[in-house]
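Subject: The structure we talked about

Hi there,

Here is the structure I promised to send you. Have a look through it first, and then read on for what I found.

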Amino acid sequence: MSLLEVRGLRVTFGGRTAAVRGASLSVEKGETHCLVGESGCGKSVTALAVMNLLARGARREAEALSFAGQDLRHLSDREMSRLRGDRMAMIFQEPMTSLNPAYTIGSQMTEVLRRHRGAPRARAAERAAELLARVGITAPGMRLGQYPHQLSGGLRQRVMIAMALMCDPELLVADEPTTALDVTVQAQILRLLAGLQRDLGLGILLITHDLGIVARVADRVSVMYAGEVVESAPTAQLFAAPRHPYTRGLLRCVPVPGKVRRDEPLGSIPGVVPRIPPGFRGCAFRDRCPHAAPACAEAVPRQEAGPGHEFLCTLPPDWALRERAA
Amino acid sequence: MSGAVLVPAGAAGGAPRWLRSLGLALGLLIVGLVAFAAVFGPSLVPHDPFAQDLGNRLAVPVWMEGGSWTHPLGTDQLGRDYLARLVYGARISMVIGLATVIASGLIGTTLGVLGGFFGGRVDDAVLFVITCRLSIPVVLVALAVVGLMGSSFTLVILVLGLLLWDRFAVVARSTTMQVRNLDYVAAAWCAGASRAAILWREVLPNIATHLAVVATLEMALAILLEAALSFLGLGVPPPLPSWGLMIAEAKDYMFFSPWVIMIPGIALFVLVFGINLLGDGLRDMLGTQDAR
Amino acid sequence: MLTFLLRRLAVAILVAMTVLTLSFMLTRLSGDLAISIAGPNATQEDVALIRAAYGLDRPLVVQYLDWVGRAAVGDFGTSYFFRERVADLIAQRMPITLTLGLVGLGIALLVSIPLGILAAVREGSWVDRGVMLVALVGQAMPSFWLGLLLMILLGLQLGWLPISGTGSWEHYVMPGIVLAFSAIPALMRLTRSGMIEALSSDYIRTARAKGLSRLSILGKHALRNAAIPVVSIAAVQLGFMLGGSIVIETVFALHGVGYLAWESISKNDFPVVQAVVLVLALIYIGLTLLADLLNAALDPRLRAS
């Protein structure tokens, strides 16, 4: 049984635009699963839908949506809020604005434990200090009494991570946790997440648009395009033998030292992620795809290209090999 | 100390478009009707608003038992036709509202534009003047001036005009600052346009819409204040039928004939409500978020 | 922060000086005060007598400096009509006006904050529209007329509350409601927009992600931030309400400072008028300073800097 199982997730806003169109993915215990794609492809909406944090006016449907065997689809708001922050936690892209400016770090951290475990104030503060130290913040006792505006962006993101860990969650959903940070801080945060995952056996769903991050931390990758997961594979497998034309396009956009020659132009994918009207059929990538064929306007099959490697395309699994041979 | 006051507060409502334009239409309708009554009413109503008929005092309106179409809204304590007085009162309210807005708009806009445009010392001085103005209790000072100098129609306009310019100044100042920093205004500077030309051609047209919204709010406020002054006997002098004065004169009879204060009161409320609706609609339409 | 407050204090003192001058000028507007005090039937000799008795024969500058010097130590002279020290008169009447103002502010906050929150939580719904309509209605309501309506309804028809006077706390309910009406629209709009902004913020999403209860999200995380501007505007509104209480005190025959001012204006009792204007302006200035302090106390970002 997977820790998190999402199948056929659909999210619509006001019945007009479909942000997520039947996305499926699963996160195993102790695994880092990366969800990648261009901005606007529905990654963040997927994460928010899993946590049931979508804005008002958004509609969520799914064939399956379960956490540790528990069906999340029919949980009430109250039951869901009991899970959030306790067994499943989330951190966000904007550390500068994600903490409440009016309360101290300590107050915001301890309230999680007080809410979910009914811990007394002193015990909760102890735990908070412990976790601040664990995420590499020096003088945690002093930090607890500080306000968010007194901390740098990197520190705030560490506080967010520590706060997410207050109740020893089994799943951490991290929505672009390093995008807003400096490159050096980025690396520290990623190392921290990797270390925590190893030590605590945390399942992580990491949302990012940065393939460099994926290569470094992911056990498994799902590539999202226009609200669908178009390819999903173990990381090494995906980088070595991508099957979906979109994944290949994405990978060509990233320079790899030693492989990309100096004057060779980097790849790019022409066009942008399209708006998908309701009732759309076929492959959403076909307008930008170099291999588009008439069949792409029909239902697209989900194919297997190896153990745990699935992709959504009309091309046969071995098309890439044949292309290279030809 | 002005900081707390100068914060533009309250964003526009979240009502759907049709509802907003409904509000705007309703506001236009109300203001239009009152304006029509103010201009043509007195010549359409057959009675003289000043003619007393002591034999026919406190006649009831037509919809109550014993009412008649001779005096559709009844008569007041001196037997004067209430409808005639009401439409004449509309004229007083509208004239005072408009004249006050023109006077205070000129003062406030001048001050605000000066402060916003030149900044620095000039702006400090303007802010200081605004702060002083805000710390003066308006109703009290207006009453005192009218009380000491003797009530008259023009004095009321003058006093209100001299007191109600603060919001014009605040909004003119902040919008001028914004406009001044726009790229195309900077371009006009560089092209060698004179200060006067920039003020006249770039700044004023840009802040005009914001000022229009303020104007509606101030007009509503001026009408309410005039009514309050007249109610206290220190506004428009009798026998002019200001709505506030009508309420004051009818006050002694209100427990037995509540309609004598209901009719002018409702007229006053509806007009001010209409002007505010107009202002809100205007703001939503123009997308300005300030001026409240 | 400290330099900021000191600057504000300096400006406040300057403003107070200006108002002191203005309140003096205000009473000299009507020309010869002695004539208006003496009344229409006075002879030339009476006027001369009065002019000398009240020191009105001195040069204007001397009169001004005299007024400033005395006002600075709280001596506003003697009332012509009441034959009492103006400072005593104001001190006697002030508790009534302050009670009225605080009752009015209390009612205004009790109404506008819950309604503002409700409108923000249900933004765009009929509840929201209803609340905004209440704000518009409140804005258009002439306070003296509302007072009379309440007298007819609550006082006469239902007999729930006394119609006028100051005998008991019940006497303050109706005037308090009327006074509250003038502050409700602004406070309600501010609460609503502050809550809408707070509720759409990232930190509220974080609070939800932490699984906090709805009560904690609204009441602790959102309201605390939305309340910062509301609290400081409430202090300023109290100043406006005290200034505007003259109308309501007159309607309900509450013998507070406003009523005193109205009486003095009709009696040409200018020492009282200029003193009341000054005192109310000083209270307003004090309240705006208080608003700044409250702002600083509530917002940790301001407190630190």
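Before the first result, one term: buried area is the accessible area, taken with a 1.4 Å probe, that two parts lose on being put together, summed over both. Please also keep in mind that this is a predicted model.

Let's begin inside chain A. Chain A is divided into two parts: domain 1 covers 4-77 + 170-189 + 197-280, and domain 2 covers 99-168. Between them, these domains of chain A bury about 750 Å², and carbon and sulfur atoms account for 65% of that area. The C-alpha centres of the two domains are 28 Å apart. In terms of contacts, 10 residues of domain 1 of chain A meet nine residues of domain 2 of chain A.

What joins the two domains by charge? One salt bridge is found across the interface of domain 1 and domain 2 of chain A. There is also a salt bridge between the side chains of A:Arg134 and A:Asp199, with N and O 2.6 Å apart. On the domain 1 side, helix H7 (residues 183-200) of chain A gives the largest share, five residues. Sorted by class, that side of domain 1 of chain A holds seven nonpolar, one polar and two charged residues.

Now for chain A as a whole. Chain A has 11 helices and 13 strands, and its C-alpha trace spans about 70 × 50 × 35 Å along the principal axes. How does the radius of gyration of chain A fit with a compact globule? A compact globule of 326 residues would have a radius of gyration near 20 Å, and chain A has 21 Å, so the two agree.

In it, 55 residues of chain B are in contact with 59 residues of chain C. The area buried between chain B and chain C is about 4800 Å², with 80% from carbon and sulfur atoms. The count of salt bridges between chain B and chain C is one: B:Asp280 pairs with C:Arg189, and their closest N and O atoms are 3.4 Å apart. Three residue pairs are in polar contact between chain B and chain C, both residues being at pLDDT 80 or more. Several helices of chain B give two or more residues to the side that touches chain C, including helix H2 (17-44), helix H9 (195-231) and helix H11 (259-286). H11(B) gives the most to that side, with 11 residues. The residues on the side of chain B that touches chain C divide into 42 nonpolar, 10 polar and three charged.

One last thing to look for. Over all chains, a search of the whole structure finds 28 salt bridges. One salt bridge to find on screen is formed by the side chains of A:Glu111 and C:Lys220, at 2.9 Å from N to O. This pair crosses between chains, running from helix H3 (residues 105-117) of chain A to helix H10 (residues 214-251) of chain C.

Happy exploring, and do write back with questions!

Best wishes

How values were computed. Residues numbered from 1 in each chain as written. Chains lettered and ligands numbered in written order. Heavy atoms only, no water. Contact = heavy atoms within 4.5 Å. Salt bridge = Lys/Arg side-chain N within 4 Å of Asp/Glu carboxyl O. Polar contact = N/O pair within 3.5 Å; in protein donor to acceptor, adjacent residues only side chain to side chain. Helix = DSSP H or I, 4+ residues; strand = E, 2+ residues; numbered from the N terminus. Nonpolar A, V, L, I, M, F, W, Y, C, P; charged D, E, K, R; others polar. Domains from an automatic or database assignment. Rg over C-alpha atoms; globule rule 2.2 N^0.38 Å.
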